[in-house]
Amino acid sequence: MQIKDFIVDKNFKELTHHRTTVISMACYRTTINHNINGYIPMHWHEEFQFVLIIKGQAIFQIQEEQVIMDEGEALFINSGCLHLAKDLNNSGCIYTCLNVSPSFILSQELFRTYVYPYIEATNLSYILLTTKEQWATNIIDAILEIDRLIQQSPAIYEIDISIKLAQIWRNLIVNGFQLEYKESEMLKNQRMKEMLNWIHLHYTERIVLEDIARAGHLSRSECCRYFKRFVKETPLNYVMEYRIQKSLLLLQQPQYNVTDVAYQVGFNSTSYFINQFKKSMNITPLAYKKKMK
């Protein structure tokens, strides 16, 4: 199954229900450029995420850092971490995505000792997994096996999946990561989410830099530094891209023309919307609308 468009709430938390039958996880295959945006936009979720590149190359951004991934490599993304993904060099990147509720990794009795500290750690937003390390190879093999189990659904496969998940987690935590808990890092993450939240709620309105900075309780200059760290662009450029993202679904609705959509997503000029849309999507809004009809 491919999720071509996912919904996020006012805090950019993904609302996709990551469950497969009776277990608190989901495993699906994603072709990045098949997403409605052409990439996987910035979002977060409570589930742990394991990504395994099946074909091509991808660039993932997790919190402030960017990671280039090749075929055969995997990535662990921690609960609550902002992330996005883009195809690299038009490689037709396809990846298997395993999203797991933290509470499903281990039993309730073990959760507080062996899972929760890793969720809260401020120095563990992600781990790149390559075949250079045996423990990482073990995790990659387990992801592939879980994918197979879900596809084939043999008898008692749910138990086999839970065993594999425990093995994945054991391989992660026995490799001696020194966990850190910095209040300043937690605050930084929260402020970034608050600014994204404010944009999410007000993108249809006139927005200036001061508004975004105020939402994060920051100065204008600090606001710009946060966006440069997290999303690698200016706050107002991010607003522009978010408006373009929101226009895509509206353009697919027959009752709205290009001008209607432009004003609904916060542009005060149709021509400016057309120029910015073409710059972002390499196609005009009208051509996109006809293509998706």
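This is a predicted model: local features need pLDDT of at least 70, side-chain atom pairs count only at pLDDT 80 or more; totals for chains, interfaces and linings use all residues.
Y116 is partly exposed, with a relative accessible area of 30%. Y116 and F111 form a tilted aromatic pair, and R112 lies over the face of Y116.

**Aromatic rings**

- A pair of aromatic rings is described by the distance of the centres and the angle of the planes.
- A search of the whole structure finds 14 aromatic pairs.
- Another tilted pair is formed by F267 and F273, with 5.1 Å from centre to centre and 55° between the planes.
- F267 is buried, at a relative accessible area of 4%, and F273 is buried as well, at 0%.
- F48, F50, F76, Y118 and W169 come together in one aromatic cluster.

**Charged side chains over rings**

- R112 is placed over the face of Y116, at 4.2 Å from the ring centre.
- K86 is placed over the face of Y39, at 5.2 Å from the ring centre.

- Strand 4 spans residues 58–62 and is mostly covered, as 5 of its 5 residues are buried.
- In a regular strand the side chains alternate between the two faces of the sheet.
- In strand 4, A58, F60 and I62 point one way, while I59 and Q61 point the other way; all are buried.
- Strand 4 pairs with strand 5 in the antiparallel sense over 5 bridges, and F60 stands opposite V67 of strand 5.
- Strand 4 also pairs with strand 7, residues 83–87, in the antiparallel sense over 5 bridges.
- The bridge partner of Q61 in strand 7 is L84.
- Strand 4 and strand 5 form a hairpin with 2 residues between them.

**Residues with a positive phi**

- Most residues other than glycine have a negative phi, and most peptide bonds are trans.
- Q63 has a positive phi, near 55°, although it is not a glycine.
- Q63 is located in the loop between strand 4 and strand 5 (65–69), in the turn of the hairpin that these strands form.
- Q63 counts as buried because its relative accessible area is 13%, which is under the 20% limit.
- I156 is also a residue other than glycine with a positive phi, in this case near 50°.
- I156 is located in the loop between helix 4 (134–152) and helix 5 (157–173).
- I156 counts as exposed because its relative accessibility is 55%, which is over the 50% limit.
- Together with I159 and I163, I156 forms a nonpolar patch on the surface, with about 290 Å² of accessible area in total.

**Salt bridges**

- Side chains of opposite charge can pair when their charged atoms come close.
- A search of the whole structure finds 8 salt bridges.
- E145 and R148 form one of them, with their closest N and O atoms 2.6 Å apart.
- E145 and R148 are separated by about one helical turn because they are 3 residues apart in helix 4.
- E145 is partly exposed, at 24% relative accessibility, and R148 is partly exposed too, at 33%.
- K188 and E185 form a salt bridge in which the closest N and O atoms are 3.2 Å apart.
- K188 and E185 lie in helix 6, residues 183–202, and are about one helical turn apart because 3 residues separate their positions.
- K188 is buried, at 11% relative accessibility, whereas E185 is partly exposed, at 28%.
- D211 and R214 meet in a salt bridge of 3.3 Å, N to O.
- D211 and R214 both lie in helix 7, residues 209–215, and are 3 residues apart, about one turn of the helix.
- D211 is buried, at 18% relative accessibility, whereas R214 is exposed, at 55%.

Definitions and conventions. Residues are numbered from 1 along each chain as its sequence is written. Side-chain values use heavy atoms; hydrogens and water are left out. Helices (H or I, at least four residues) and strands (E, at least two) are DSSP runs, numbered from the N terminus. Buried means under 20% relative accessible area, exposed over 50%, partly exposed in between (1.4 Å probe, protein chains only). Patches are made of residues with over 30% relative accessible area and no salt bridge: like charges are joined within 9 Å, nonpolar side chains (Val, Leu, Ile, Met, Phe, Trp, Tyr) within 5 Å. Accessible areas come from the Shrake-Rupley method with a 1.4 Å probe; for residues, only the protein chains shown count as cover. A salt bridge is a side-chain nitrogen of Lys or Arg within 4 Å of a carboxyl oxygen of Asp or Glu. Rings of Phe, Tyr and Trp (its six-membered ring) pair if their centres lie within 6.5 Å; planes under 30 degrees apart count as stacked, over 60 as edge-to-face and the rest as tilted. A charge sits over a ring if NZ of Lys or CZ of Arg is within 6 Å of the ring centre and within 35 degrees of the ring normal. Two strands pair if DSSP finds at least two bridges between them.
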